[in-house]
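Open the model in your viewer and keep the sequence panel beside it. We will go stop by stop, selecting a few residues each time.

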Amino acid sequence: MLLIKNGLIHNAIDRDPFVADLLADGGKIIKIGKDIPCDGAEIFDATGLSVYPGFVEAHCHTGLDGHGIGYEGADYNEMGDILACQLRGIDAIEPRDETLVEARKAGVTTLCAGPGSANVLGGTFTAYKPVGNRIDKMVIKPEVAMKCAFGENPKRCYREKGDSSRMTTAAKLREMLFKAREYQQKVDRAAGDPEKMPAFDMKLNALLPVMRREMPLKAHAHQADDFFTALRIAREFDVEITLEHVTEGHLVPEELAQENVMLAVGPTLTHASKFELRNKSWETPGVLAKAGCHVSIITDAPVIPQKYLPLCAGLAVKAGMDPFDALKAITINAAEHAQVGDRVGSLEVGKDADIVVTDGCPFEVNTEVKAVFIDGVRVE
């Protein structure tokens, strides 16, 4: 049992913080209020300190990049199969990657990580917590989204292997979704009868949760025209979709707001290293949030080190984003984007006791993280 006393609670739900105690037991928050009895509880005195939900990264490759050392350990891009929907990020995450330690020291307590963007279909992302020795015991949800990619990356990586244009990328994704829809219809008609089931196809089977709207496509798209190609295809096949990176989102905020899709913005703390990043701006998340969009801020780690997620939110605030919107962008919005908002992302009774205690606003570089709790256990 853990009792955090007299902290300034920023719960990511209410705009205004308030001073209160927080009681956790069995890894869950069980009470938030004044003067909670403390018999038998481990007490953390947060007087004069701020208490936040653990920060959430909605899109990264942390744990799959081989400690940033090189090819031998890097596992986030399959370079031999442009349609690799059968792959799962959970099968490549290295729990002992030191960047997981850096993440939790900075208060990042939930990561949504998976394949990169080399492939038109790359496989599934997983949501997990950066503490433990075995990924199976660290996961919140093993498969949360199916990665797909538009724009420069697939056509660059497979230029000599059958994809040298945006038209080809779209056609390859559309073809797989056509096949997956037919496969789903056959499976559904069989109604479990093994004599009527279609021949097993691992790729098409992996797409069934997408076709059944149980899992969204997680669409890598930097350039505005790629947003709308992704959305056009999603609407055509009636599947759920989120947009990732959204570099040119500030150019079309009203259009994106009308689409009512979740947007993960970033990485922005980098040079515009390719053509489709030429309009990169720290104003993007604020402009989109003001337009009414559901916005998360991401590092795309290791592109930006995971520990700088709160700093990225601070730079968005500096560029005009409302501070409360920025907080939501690395807590509850990010958790919802990662399909785990029922467990993490806010300080509410019934949610996981993932908590960050700081001596000030986490967006500011001179603020220190004083304690980090995951499932009610102090890890930093």
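Which unit do β12, helix α7 and β13 make? Select strand β12 (residues 262-265), helix α7 (residues 284-290) and strand β13 (residues 294-297). Together they make a right-handed β-α-β unit. Right-handed has a viewing rule: with the strands pointing away from you, the path from the first strand over the helix to the second runs clockwise. Helices (H or I, at least four residues) and strands (E, at least two) are DSSP runs, numbered from the N terminus.

Before moving on, some ground rules. This is a predicted model, in which local features need pLDDT of at least 70 and side-chain atom pairs count only at pLDDT 80 or more, while totals for chains, interfaces and linings use all residues. Residues are numbered from 1 along each chain as its sequence is written, and side-chain values use heavy atoms, with hydrogens and water left out.

**Stop 1: the strands**

Stay on β12 and β13. They pair in the parallel sense over four bridges. Two strands pair if DSSP finds at least two bridges between them. Click Val265: its bridge partner in β13 is Ile297.

Find Leu243, which stands opposite Leu263 in β12.

Next, click His245 in β11. Its phi is near 90 degrees, a positive value in a residue other than glycine. Is His245 buried or exposed? His245 counts as buried, because its relative accessibility is 2%. Buried means under 20% relative accessible area, exposed over 50%, and partly exposed in between (1.4 Å probe, protein chains only).

**Stop 2: two cis peptide bonds**

Select Gly266 and Pro267. The peptide bond from Gly266 to Pro267 is cis, with omega near 5 degrees. Pro267 lies in the loop between β12 and α7. Then jump to Ala301 and Pro302, also joined by a cis peptide bond, with omega about 20 degrees. Pro302 sits in the loop between β13 and α8.

**Stop 3: helix α8**

Select helix α8 (residues 309-318). Its buried residues are Leu309, Pro310, Cys312, Ala313, Gly314 and Ala316. What covers them? Among the elements are β6 (55-60), β7 (108-113), α7, β13 and α9 (323-329). Just after α8, look at Gly320, with a positive phi of about 120 degrees.

**Stop 4: two crossing helices**

Two packed helices are described by the angle between their axes and the distance between the axes. Select helix α3 (residues 166-190) and helix α4 (residues 202-211). Their axes come within 9 Å and cross at roughly 85 degrees. That makes α3 roughly perpendicular to α4. Axes are lines fitted to C-alpha atoms, for helices over the stretch in contact, and angles run from 0 to 180 degrees between N-to-C directions. Angles under 35 degrees count as roughly parallel, over 145 as roughly antiparallel, 65 to 115 as roughly perpendicular and the rest as oblique.

Show side chains, including Met176 and Tyr183 in α3 and Leu204 and Met211 in α4, which take part in the contact. Contact means heavy atoms within 4.5 Å.

**Stop 5: Ala224**

Finish at Ala224, in helix α5 (residues 224-237). At 12% relative accessibility, Ala224 counts as buried. Leaving aside residues up to four places away in sequence, Ala224 touches Glu248 and Val252.
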